[in-house]
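Here is a colleague's note to read beside the structure. Keep the picture open and look up each residue as you reach it.

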Amino acid sequence: MAPGAPWPVQPRDSGTHTRPGQVHDDVAAEAVDAVNRQRARADCKPVRLKASLNRAAQRHGADMARGQRLTHTGTDGSSPAARMRDGGYHPGHIAENIAAGPGTPESAVRTWIDSPEHRAIILTCRYIHAGVGVAKGDGGPWWTLDLATGY
C-alpha cells in the first residue's frame, strides 16, 4: 500500500460492498468510540465525527507518513487550525493528538491516554467534534486526532 493510504482494516460489515473511504470511516468511528469511552469516565459528553475534521486529520496523517516525521506542523508550514479551516471546519477551541506506530484505533487511543498531556486533551469536555486520520507508511501507521469546538 502506498504511503498515506488509509490503514487496511476490515470494515465493520464485511458482507457488503464498501464505498470509497469506508475503511477510513470505520477506523475513524472505532477511534472515536475509544475516545468517547474515556470521555464518559470523566463525565464529558461524547465527541461526534465531522467529515471536515476527518479530511484535515487524514491529510495530516498522510503528510506525516510521506515525510516520515511526527509533528503538528505540516510540510507546507500549516498549523492544526489552518488544516481544519482548509478542510471546511470553522475552528474555535482546538487540539490535535498525533502518534506513529500503534496498529489499531484502540491502541492509538491507549497511547494518548497513557500520556498525561494527550490524556488532558482527550478529556477536555468543551470539545464536541472530532476528526481522525490514519495513514500507512514506514514507522506507522501515522495517526491524527483533531478535537474541536466550532463557531
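1. Which residue in S4 is the bridge partner of histidine 93? In S4 that partner is threonine 149. Strands and helices here are DSSP runs, numbered from the N terminus: helices are H or I with at least four residues, strands are E with at least two.

2. Some ground rules come next. This is a predicted model, in which local features need pLDDT of at least 70 and side-chain atom pairs count only at pLDDT 80 or more, while totals for chains, interfaces and linings use all residues. Residues are numbered from 1 along each chain as its sequence is written, and side-chain values use heavy atoms, with hydrogens and water left out.

3. pLDDT is the predictor's confidence in each residue, from 0 to 100. The protein chain averages 88, and 85% of the residues score at least 70. Contact means heavy atoms within 4.5 Å.

4. Now the overall plan. The protein chain has five helices and four strands. From the N terminus on, they run α-β-α-α-β-α-α-β-β. Among contacts between residues at least 6 apart in sequence, 68% join residues at least 24 apart. Of the 151 residues, 48% count as buried. Buried means under 20% relative accessible area, exposed means over 50%, and partly exposed is in between (1.4 Å probe, protein chains only).

5. Trace the sheet. It is open, has four strands in the order S1-S3-S4-S2, and its pairing is mixed. S1 (48-49) and S2 stand at the edges with a single partner strand each, so one side of each has no neighbour in the sheet. Two strands pair if DSSP finds at least two bridges between them.

6. Go through the pairs. S1 and S3 are parallel, over two bridges. Leucine 49 stands opposite alanine 130 in S3. S3 and S4 are antiparallel, over seven bridges. Here valine 134 stands opposite tryptophan 143 in S4. S2 and S4 are also antiparallel, over nine bridges.

7. Look at the turn between S3 and S4. These strands form a hairpin with six residues between them. Glycine 139 sits in the turn, with a positive phi of about 80 degrees.

8. Is S3 enclosed or open? Seven of its seven residues are buried, so S3 is largely enclosed by the rest of the structure. In a regular strand the side chains alternate between the two faces of the sheet. On one side of S3, His129, Gly131, Gly133 and Ala135 are buried. On the other, Ala130, Val132 and Val134 are buried too.

9. Turn to the helices over the sheet. H2 lies across S1, S2, S3 and S4, at about 30 degrees to S3. H4 lies across S2 and S4, at about 70 degrees to S4. Axes are lines fitted to C-alpha atoms, for helices over the stretch in contact, and angles run from 0 to 180 degrees between N-to-C directions.

10. Stay with H2 (residues 51-67). H2 is mostly covered, with 12 of its 17 residues buried. Among them are Leu53, Asn54, His60 and Met64. After H2 comes glutamine 68, whose phi is positive, near 55 degrees.

11. Find the largest nonpolar core. Such a core is a set of buried Ala, Val, Leu, Ile, Met, Phe, Trp, Tyr and Cys residues joined through side-chain atoms within 4.5 Å. Of its 21 residues, those touching the most other members are Val47, Trp112, Ile122, Val132, Trp143, Leu145 and Leu147. H1 gives the most to this core, with six residues. Apart from this core lies another, of six residues, including Ala62 and Trp142.

12. Glutamine 38 lies in helix H1. At 12% relative accessibility, glutamine 38 counts as buried. Beyond four places in sequence, glutamine 38 touches Val109, Arg110, Ile113, Ile122 and Leu123. Lysine 50 is in the loop between S1 and H2. Lysine 50 is partly exposed, with a relative accessible area of 30%. Not counting residues up to four places away, lysine 50 touches Tyr89, His129 and Ala130.
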